[in-house]
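Let's take a walk through this protein together, with the sequence and the 3D view open side by side.

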Amino acid sequence: MDILLPVLFALGAALSNALATVLQRKAALTVPRSDKLRAGLMLDLLRRRVWLAGIAAVIAAALCQAVALATGPLTVVQPLLVLELPFTLVIGTPLLRGRLSRAGWAAVCAVVAGLAVALGAASPEGNRTHVPMDLWIPALAVCVAAIAGLVLTGICRPEGRGRAACFGLATAVAYAVTAALMKASMHTLDDDGVVAFLTAWQTYGFALFGVSALFFLENAMQAGPLVASQPAITLGDASVSLALGVTIYAEYVRGGWWLLPQLLGVALIVAGVSALSRVPLARTLTGGDDRHAAGAGTA
């Protein structure tokens, strides 16, 4: 299987999502702020070319991810999206006139190196195009139960790290299921055409889980610090996607002594993502610290 195409499109999706985040945040910093819902907010944003460019980047990211999932394993595509956070900070540094310290750049390098080591050691293979219902039903049941349990646990906890982590993990599971269903619907589009795509239950399933993921994401960002939610989202999405890829798409990753470099790669990713989540620029980009206006502090 030619892995280069899905890898390139997955990187394109991560890069486009990162660009979208920066552009939309840059646009948001130029409109009047309000503590309440303001009907004119969307009209203000629509007048900003930078915001429209951000929407175009969102669309490009969705298209890139769809192509990547249609042509490559879930166990390759979703882990590569871990790079969205480093990409966001690298792009945001010049555009928002922020600055990454040496520690911040070291964290970016740790994420990139960790991902390369983990994927290289795992060497994912396989790309089943159609998943039978007897595999979908238990997988979706487990994921929905996990999301429900995480959300209920989060609701019962006070605002802070624990609550943010619970909502972050719920976001991650929803993202992973969205990708798994999108992969199936894209194969339907490729094999049977537009009509089959529009009538496939997977198409509406990934739309539903995608909207749910965005809802959980917003709650995670509001519930507590980014350092609690972002690692849960980033690492949870990759882990659940790996599990779904192996169980329902019959994808394969190497075991045995290869687990040692895989764990080393994961450890580097965890350390890098945790460090990047503490960077002031990351809080600025997610709206977690509006005290930084057009720039950000050091990492």
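Alanine 250 sits in the loop that links α11 to α12. This is a predicted model, and in it alanine 250 takes a positive phi of about 55° even though it is not a glycine. Most residues other than glycine have a negative phi. Is alanine 250 buried or partly exposed? With a relative accessibility of 44%, alanine 250 counts as partly exposed, since that value lies between the 20% limit for buried and the 50% limit for exposed.

Helix α5 covers residues 84-95, 12 residues in total. From its first C-alpha to its last, α5 reaches 16 Å, close to the 16 Å expected at 1.5 Å a residue. Which residues of α5 are buried? They are Leu85, Pro86, Thr88, Leu89, Ile91, Gly92 and Thr93.

In helix α3, which spans residues 49-71, you can find alanine 62. Alanine 62 has 38% relative accessibility and therefore counts as partly exposed. Serine 16 is 46 residues away from alanine 62 along the chain, and the C-alpha atoms of the two are separated by 8.7 Å.

## Helix α10 and what covers it

Helix α10 runs over residues 201-223 and has 23 residues.

The buried residues of α10 are Gln202, Thr203, Gly205, Phe206, Phe209, Gly210, Ala213, Phe216, Leu217, Ala220 and Ala223. Among the elements that cover these buried residues are α7 (133-156), α8 (161-192), α9 (194-199) and α11 (226-248).

## Phenylalanine 167, a meeting point

Phenylalanine 167 belongs to helix α8. Its relative accessible area is 6%, so phenylalanine 167 is buried. Which residues touch phenylalanine 167, leaving aside its neighbours within four places in sequence? Its contacts are Val151, Gly154, Ile155, Phe216, Asn219, Ala220 and Ala223. Of these, Phe216, Ala220 and Ala223 are also buried residues of α10. Phenylalanine 216 is 49 residues from phenylalanine 167 along the chain, yet their C-alpha atoms are separated by 5.8 Å.

## Cysteines

How many disulfides does the model contain? The count is 0. Take cysteine 166 as an example: the closest cysteine sulfur is in cysteine 156, 9.5 Å away, and that is too far for a bond, because a disulfide needs the two sulfur atoms within 2.5 Å.

Cysteine 166 counts as buried because its relative accessibility is 12%. Cysteine 143 has a relative accessibility of 7%, so cysteine 143 is buried too.

## The second largest pocket

Rolling a probe the size of a water molecule over the atoms shows where empty space is left. The second largest pocket has a volume of about 400 Å³. Elements giving two or more residues to its lining are α4 (74-80), α6 (102-122), α11 and α12 (259-277). The most comes from α12, with 5 residues.

In total, 18 residues line the second largest pocket, and those nearest its centre are Ala118, Ala238, Leu242, Gln262 and Val266. What kinds of residue make up this lining? There are 15 nonpolar residues, 3 polar ones and no charged ones.

## The chain as a whole

Stepping back, the protein chain has 13 helices and 0 strands. Of its 299 residues, 46% count as buried. Among contacts between residues at least 6 apart in sequence, 80% join residues at least 24 apart. The pair of phenylalanine 167 and phenylalanine 216, 49 residues apart along the chain, is a handy one to find in the 3D view.

Methods:
Residues are numbered from 1 along each chain as its sequence is written. This is a predicted model: local features need pLDDT of at least 70, side-chain atom pairs count only at pLDDT 80 or more; totals for chains, interfaces and linings use all residues. Side-chain values use heavy atoms; hydrogens and water are left out. Buried means under 20% relative accessible area, exposed over 50%, partly exposed in between (1.4 Å probe, protein chains only). Helices (H or I, at least four residues) and strands (E, at least two) are DSSP runs, numbered from the N terminus. The expected span of a helix is 1.5 Å times one less than its number of residues. Contact means heavy atoms within 4.5 Å. On a 1 Å grid over the protein atoms alone, a cavity is a set of points where a 1.4 Å probe fits but cannot get out, and a pocket is an open set with protein on both sides within 12 Å along at least five of seven lines; lining residues have an atom within 4 Å of a point. Grid points are joined across faces, edges and corners, and a volume is the space filled by probe spheres set on the points. Ala, Val, Leu, Ile, Met, Phe, Trp, Tyr, Cys and Pro count as nonpolar, Asp, Glu, Lys and Arg as charged, and the others, Gly among them, as polar.
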